Amino acid sequence: MASLKAKSSLKDYQAFVDAVYGPNNQKHFSVDEMLTNINRFAMRGLKGIRKEDNEKLTRNLVIAMSWTASLMNQLGVNLEEEVWKRFPNVCSYCGKSPCV
């Protein structure tokens with residue numbers, strides 16, 4: 001049975017999403033539909049920010065991330081590799097290692 005731990009990596013999360021949702025998503029959703037769902041839940045998360053509703057923000061951004069992982073699985077993209085290529089052992093905000 002697929003599961004996650006508090007210390008799971010992005011690769012572990014992507015594998016979890018693939019194990020849980022992969023077959024159904026590949027059968028029932030096109031790339032366009034997945035992008036629409038990512039956008040829908042990200043926008044709901046932004047509404048949570050505007051209304052200062054942290055529960056709504058968290059719930060919807062987690063769902064948006066799940067759809068993103070599903071889309072990347074469908075496209076054959078390894079999220080963890082891409083993040084490390086974009087931010088090779090540096091802070092994503094300041095670009096320094098360690099973060100300043």
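Asn89 is found in the segment after α4, where helices (H or I, at least four residues) and strands (E, at least two) are DSSP runs numbered from the N terminus. The phi of Asn89 is near 60 degrees, a positive value in a residue other than glycine. Asn89 is exposed at a relative accessible area of 55%; buried means under 20%, exposed over 50%, and partly exposed in between, with a 1.4 Å probe and protein chains only. The model is a predicted one, in which local features need pLDDT of at least 70 and side-chain atom pairs count only at pLDDT 80 or more, while totals for chains, interfaces and linings use all residues. Residues are numbered from 1 along each chain as its sequence is written, and side-chain values use heavy atoms, with hydrogens and water left out.

The segment after α4 also holds Pro98. A cis peptide bond joins Ser97 to Pro98, with omega at about -5 degrees. A positive phi of about 55 degrees occurs at Glu52, which is not a glycine. Glu52 belongs to the loop between α2 and α3 and is exposed, its relative accessible area being 71%. Such backbone features stand out because most residues other than glycine have a negative phi, and most peptide bonds are trans.

Confidence in the model is given by pLDDT, the predictor's confidence in each residue, from 0 to 100. The chain has a mean pLDDT of 92, and 100% of its residues reach 70 or more.

Helix α4 (residues 79-86) contains both Lys85 and Glu82, three residues apart, about one turn of the helix. Their side chains meet in a salt bridge at 3.2 Å, N to O, the term meaning a side-chain nitrogen of Lys or Arg within 4 Å of a carboxyl oxygen of Asp or Glu. Lys85 is exposed at 59% relative accessibility, whereas Glu82 is partly exposed at 35%. In helix α3 (residues 54-75), Arg59 and Glu55 are four residues apart and so separated by about one helical turn. These two residues form a salt bridge, with the closest N and O atoms 3.5 Å apart. Here Glu55 is exposed, at 60%, and Arg59 is partly exposed, at 42%. The count of salt bridges comes to two.

The surface also carries a nonpolar patch of about 240 Å², made by Val31, Leu35 and Leu75. Patches consist of residues with over 30% relative accessible area and no salt bridge, like charges being joined within 9 Å and nonpolar side chains (Val, Leu, Ile, Met, Phe, Trp, Tyr) within 5 Å. Accessible areas come from the Shrake-Rupley method with a 1.4 Å probe, and for residues only the protein chains shown count as cover. Leu35 lies in helix α2 (residues 31-50) and is partly exposed, with a relative accessible area of 43%.

A search of the whole structure finds one cavity of 30 Å³ or more. On a 1 Å grid over the protein atoms alone, a cavity is a set of points where a 1.4 Å probe fits but cannot get out, and lining residues have an atom within 4 Å of a point. The largest cavity holds about 40 Å³ of space, a volume being the space filled by probe spheres set on the points. Its lining consists of Val17, Asp18, Gly22, Asn25, Gln26, Ser70, Asn73 and Gln74. Helices α1 (10-28) and α3 are the elements that give two or more residues to this lining, and α1 supplies the largest share, five residues.

Conventions
On a 1 Å grid over the protein atoms alone, a cavity is a set of points where a 1.4 Å probe fits but cannot get out, and a pocket is an open set with protein on both sides within 12 Å along at least five of seven lines; lining residues have an atom within 4 Å of a point.
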